[in-house]
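Have the sequence and the 3D view open as you read.

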Amino acid sequence: MLPVTLRSDRVLLEVPTRADTVAITEGCQDPEVIRWTTIPTPYRPQDAAAFVDALVGPAWASDREYTWAIRQPGSTWLDGVISYRTARRDLGFWLAPSARGKGLVHDAVRMVADWAFERGAPDVSWECYLGNTASAAVARRAGFSYTGTGEANIPNRDGSPTTAWKGLLRADGTPASDLSWPDASYAPGTAPEGTPGSAASAGSLGP
């Protein structure tokens, strides 16, 4: 399908382009993005160009994966990336350090999930590598139910298996699980309702 643009008061989601390679390269230097995703490391400008040229466009065209640049309204700068993969109806994301704490990822996650529901998806899944409390906070705030801990769908950068926290958001709004989020999924020093700024979700985007 052709790329679509999604908007809220705080966030503009539109397809990344070659003009975003500088911002993508800069964001992918962040230690938290490197830690919680499988992007190449070191991450070079040619990696960003390959991401835009070889992944984003072809994946939209094949309906395999829909990828958006996360921007703030009125700005052309890419603050992060969010993607929805159709095979497992799951999403992933990363956000640059300078854009955290503004609710951008929360809005982006809800907009992408609602868009998927409008297209007929019965649910949307999420996971993050064990220990990624920032991503877990985003999922909780966006309404995902914690569904358990298990082997991650996307292995480590070296191909080895790893463990993930998993969640599910249903289109009809009913809880997908009665499990409580594990205490370890909250950032140290935060109450259960705390929502620390997000970094990235497991397997988030990069060539």
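Are Trp126 and Trp181 buried or exposed? Both of these tryptophans are buried. Keep in mind that this is a predicted model, so to speak a computed picture of the chain.

**Ring pairs**

Let's stay with those two tryptophans. Their ring centres lie 5.7 Å apart with the planes at 55°, so Trp126 and Trp181 make a tilted pair. Trp126 belongs to strand β6 while Trp181 sits in the segment after β8, so the contact ties together parts 55 residues apart in sequence.

The model has eight aromatic pairs. Another tilted one is Trp60 with Tyr66, at 4.7 Å centre to centre and 40° between the planes. Trp60 and Tyr66 are buried as well. Ring pairs also join Trp60 and Tyr66 with Trp68, Tyr84 and Trp115 into a cluster.

**An arginine over two rings**

Trp181 turns up again here. The charged end of Arg140 sits over the Trp181 ring, 5.2 Å from its centre. Arg140 also lies over the face of Tyr186, at 3.7 Å from that ring centre.

**Salt bridges**

On to the charged pairs: there are ten salt bridges in total.

| Glu14 | Arg71 | 2.7 Å |

Take Glu14 and Arg71, whose side chains meet in a salt bridge. This pair links distant parts of the chain, with Glu14 in strand β2 and Arg71 in strand β3, 57 residues apart. How exposed is each partner? Glu14 is partly exposed, at 26% relative accessibility, whereas Arg71 is buried, with a relative accessible area of 4%.

Asp53 is partly exposed, with a relative accessible area of 39%.

Glu127 is in strand β6 and Lys166 in strand β8, so to find them look 39 residues apart in the chain. Both partners are buried.

Finally, some bridges share partners: Glu14, Asp20 and Arg71 are joined this way into one network.

Note on methods
Residues numbered from 1 in each chain as written. Predicted model: local features only at pLDDT ≥ 70, side-chain atom pairs only at ≥ 80, totals over all residues. Heavy atoms only, no water. Salt bridge = Lys/Arg side-chain N within 4 Å of Asp/Glu carboxyl O. Helix = DSSP H or I, 4+ residues; strand = E, 2+ residues; numbered from the N terminus. Buried < 20%, exposed > 50% of the residue type's maximum accessible area, 1.4 Å probe, protein only. Phe/Tyr/Trp six-rings, centres within 6.5 Å; stacked < 30°, edge-to-face > 60°. Lys NZ or Arg CZ within 6 Å of the ring centre and 35° of its normal.
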